[in-house]
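Colleague: I am new to this structure and would appreciate a guided look at it. Could we go through it together?

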Amino acid sequence: MAIREIVQYTDNFIRKKSKPVKIFDEKLWELLDDMWETLDEKKGAGLSAVQVGVLKRAFIININNMRIEFINPTITHTSGKQYKKEGCLSVVAQPFGYVARPNKVTISAYDRYGNPFSLTCEDWTAVCVSHEYDHLDGILYIDKLVTPPKGMEED
């Protein structure tokens, strides 16, 4: 395993659309293992493959010691709205800003072995899943900054 360099928002690579994973093999597992080591080192909540220079539709999240890998994810349903402060390992110049995200997200994906699964998540986990999913399409949280309605701010 290795800690990989994080691609920053100033690099046009981060804006590229990621391609589906076609082969679930040791090369993918090595990428995922490196992503975990990188995420742990940087103390982040999530990391997408594009953030470590690989245009594959894959991301990981670590929320409350719940570590999940998402390969070729598809968001199938969203509901509600929440405003949370977000940050990003690829946007060190602006550490936090409010983004409107769904309060509930259902996502279908594959694990590292090619097994399909579906997950419905809420609150902060829904924020993290939505944030990392956006990375796969070249979208950064700074593209979605908003001023939350009065009384709707959350930390």
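Predicted model: local features only at pLDDT ≥ 70, side-chain atom pairs only at ≥ 80, totals over all residues.

Colleague: Let us begin with the aromatics. How many aromatic pairs are there in the whole structure?

Modeller: A search of the whole structure gives four aromatic pairs. One of them is formed by Phe59 and Phe70, whose rings are stacked, at 4.6 Å centre to centre and with 20° between the planes. Phe59 belongs to strand E2 and Phe70 to strand E3, and the two are 11 residues apart.

Colleague: Are Phe59 and Phe70 buried or exposed?

Modeller: Phe59 is buried, its relative accessible area being 0%. Phe70 is likewise buried, with a value of 0%.

Colleague: And why is the pair of Phe70 and Phe117 called tilted?

Modeller: The planes of Phe70 and Phe117 stand at 50°, with the ring centres 5.7 Å apart, so this pair counts as tilted. Because Phe70 lies in strand E3 and Phe117 in strand E7 (residues 116–122), the pair ties together parts that are 47 residues apart in sequence. Phe117 itself is partly exposed, at 24% relative accessibility. Through these ring pairs, Phe59, Phe70 and Phe117 are linked into a cluster.

Colleague: Now the strands. How many bridges join E2 to E3, and in which sense do they run?

Modeller: E2 and E3 run antiparallel and are joined by six bridges. Within this pairing, Phe59 stands opposite Phe70. The hairpin of E2 and E3 has two residues between the strands, and Asn64 there takes a positive phi near 50°.

Colleague: What about Asn65, and where is its place?

Modeller: Asn65 is in the loop between strand E2 (58–63) and strand E3 (66–79). Its phi is near 65°, a positive value in a residue other than glycine. Most residues other than glycine have a negative phi. Asn65 is exposed, with a relative accessible area of 74%.

Colleague: Which residue stands opposite His77?

Modeller: That is Thr106 in E6. E3 and E6 pair in the antiparallel sense over six bridges.

Colleague: Why does Thr106 count as buried?

Modeller: Its relative accessible area is 14%, and buried means under 20%. Leaving aside neighbours within four places in sequence, Thr106 is in contact with residues including Thr74, His77, Ser118 and Thr120.

Colleague: Changing topic, what is the volume of the largest pocket?

Modeller: The largest pocket has a volume of about 340 Å³. It is lined by 20 residues, of which Gly44, Ala45, Gly87, Cys88 and Trp124 are the closest to its centre. H2 gives the largest share of the lining, five residues. By class, the lining has 10 nonpolar, five polar and five charged residues.

Colleague: How do the residues lining the second largest pocket divide by class?

Modeller: That lining has five nonpolar, no polar and six charged residues. Among the residues that line the second largest pocket are Arg4, Lys22, Asp25 and Glu30. Its volume is about 270 Å³.

Colleague: One last point, going back to H2. What is the phi of Asp123?

Modeller: Asp123 has a positive phi of about 55°, although it is not a glycine. Asp123 is found in helix H2 (residues 123–135), and it is partly exposed, with a relative accessible area of 43%.

Key. Residues numbered from 1 in each chain as written. Heavy atoms only, no water. Buried < 20%, exposed > 50% of the residue type's maximum accessible area, 1.4 Å probe, protein only. Contact = heavy atoms within 4.5 Å. Helix = DSSP H or I, 4+ residues; strand = E, 2+ residues; numbered from the N terminus. Pairing = 2+ DSSP bridges. 1 Å grid on protein atoms, 1.4 Å probe; cavity = no way out; pocket = protein on both sides within 12 Å on 5 of 7 lines; lining within 4 Å. Points joined across faces, edges and corners; volume = space filled by probe spheres on them. Nonpolar A, V, L, I, M, F, W, Y, C, P; charged D, E, K, R; others polar. Phe/Tyr/Trp six-rings, centres within 6.5 Å; stacked < 30°, edge-to-face > 60°.
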